[in-house]
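Hi everyone, thanks for making time for this. Please have a look at the structure on the screen, and then I'll talk you through it.

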Amino acid sequence: MELRYADLRSEAGFTDSEFEQFIDLKVSQELNPLAPNNDRIEADEEAAGREAEERDELLARFGAEKTARLRQFEKTLPARAEVGELRDLLEREALGVTAAQRSAMIKAAIASGAGMPLRKISDAESNTAVYQEILALQELSDQRMRSSARGILSGAQMQAYEAFLMDRRDSLEDTIRNVAEEERSDK
């Protein structure tokens, strides 16, 4: 959790104490998930209620200005996650990422809209359709990240990243084939 929000202090002006309070709040929320609910309307209402409680708690603890900056920061989490995944990949490949590259990649990824969206994927009845939607969203994000990375990463870094993207696509396609096969055999 702390890694996901590591830049919050510098980018949203949180003090160390406020950052600790925020992390404690997020951990508490994640440890108390909403109960499973098959009624879509009830589930949406429960989620909206939880979101309102979170907003009120944030406003009470940090005030309107910092809460607004936090919400803006949270909108960039998908792009930051993609850059984090890229950084981890390149470090495993002993290609590393400099602080300047990381910073430039985050800015470029945010500007391009890279990263999987933080939203419900689909109401599709078929698991195959859900995975196909995930693949389409992932490919769009990958295309944006690839464009963002050009001119920032070295040739060797870019080559390793391209190989990773191909492996990820192949893995998702294998999952879609397996799920489709399971769905056919269940009928």
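This is a predicted model: local features need pLDDT of at least 70, side-chain atom pairs count only at pLDDT 80 or more; totals for chains, interfaces and linings use all residues.

Residues are numbered from 1 along each chain as its sequence is written, and side-chain values use heavy atoms, with hydrogens and water left out.

Okay, the overall fold. How many helices and strands are there in the chain? There are 7 helices and 0 strands. Both come from DSSP runs, numbered from the N terminus: H or I for helices, at least four residues, and E for strands, at least two. Going along the sequence, you get α-α-α-α-α-α-α.

The chain has 187 residues, and 33% of them are buried. Buried means under 20% relative accessible area, exposed means over 50%, and partly exposed is in between, with a 1.4 Å probe and protein chains only. Next, contacts, meaning heavy atoms within 4.5 Å. Take the contacts in the chain with a separation of 6 or more: residues 24 or more positions apart account for 67% of those.

Now the cores. A nonpolar core here is a set of buried Ala, Val, Leu, Ile, Met, Phe, Trp, Tyr and Cys residues joined through side-chain atoms within 4.5 Å. The largest one has 17 residues, and Leu86, Met145 and Tyr161 touch the most other members. Which helices each supply at least two residues of this core? Helix 4 (77–92), helix 5, helix 6 and helix 7 (155–186) do. If you click on Leu86 and leave aside its neighbours within four places in sequence, you'll find it in contact with Met105, Met145, Leu153 and Tyr161. Apart from that core lies another, of 13 residues, among them Phe14, Phe19, Leu58 and Leu70.

On to how the helices pack. Axes are lines fitted to C-alpha atoms, for helices over the stretch in contact, and angles run from 0 to 180 degrees between N-to-C directions. Under 35 degrees counts as roughly parallel, over 145 as roughly antiparallel, 65 to 115 as roughly perpendicular, and the rest as oblique.

First up, helix 5 (residues 99–112) and helix 6 (residues 127–149). Their axes are 9 Å apart, at an angle of about 135°, so these two helices are oblique to each other. The crossing of helix 5 and helix 6 is right-handed. As for what that word means: a crossing is right-handed if the near helix is turned clockwise from the far one by less than a right angle, and left-handed if anticlockwise. On the helix 5 side you have Met105, Ala108, Ala109 and Ser112, meeting Arg144, Met145, Ser148 and Ala149 in helix 6. That contact divides into 5 nonpolar, 2 polar and 1 charged residues. For the sorting, Ala, Val, Leu, Ile, Met, Phe, Trp, Tyr, Cys and Pro count as nonpolar, Asp, Glu, Lys and Arg as charged, and the others, Gly among them, as polar.

Next pair: helix 6 and helix 7, whose axes come within 9 Å and cross at roughly 175°. That makes helix 6 roughly antiparallel to helix 7. Their contact has 12 nonpolar, 5 polar and 8 charged residues.

Then there's helix 4 with helix 6, at about 70° and with axes 11 Å apart, so this pair is roughly perpendicular. Helix 4 passes helix 6 in a right-handed crossing. Glu82, Val83 and Leu86 of helix 4 make the contact with Gln138, Ser141, Asp142 and Met145 of helix 6.

Let's finish with some single residues. Not counting residues up to four places away in sequence, Val83 touches Arg102, Met105, Ile106, Ala109 and Met145.

Glu54, in helix 3 (residues 40–75), is also buried, with a relative accessible area of 14%. With the residues up to four places away left out, Glu54 touches Lys26, Gln29 and Arg71.

Last one: Ala94, in the loop between helix 4 and helix 5. Its phi is near 60°, a positive value in a residue other than glycine. Ala94 counts as exposed, at 68% relative accessibility.
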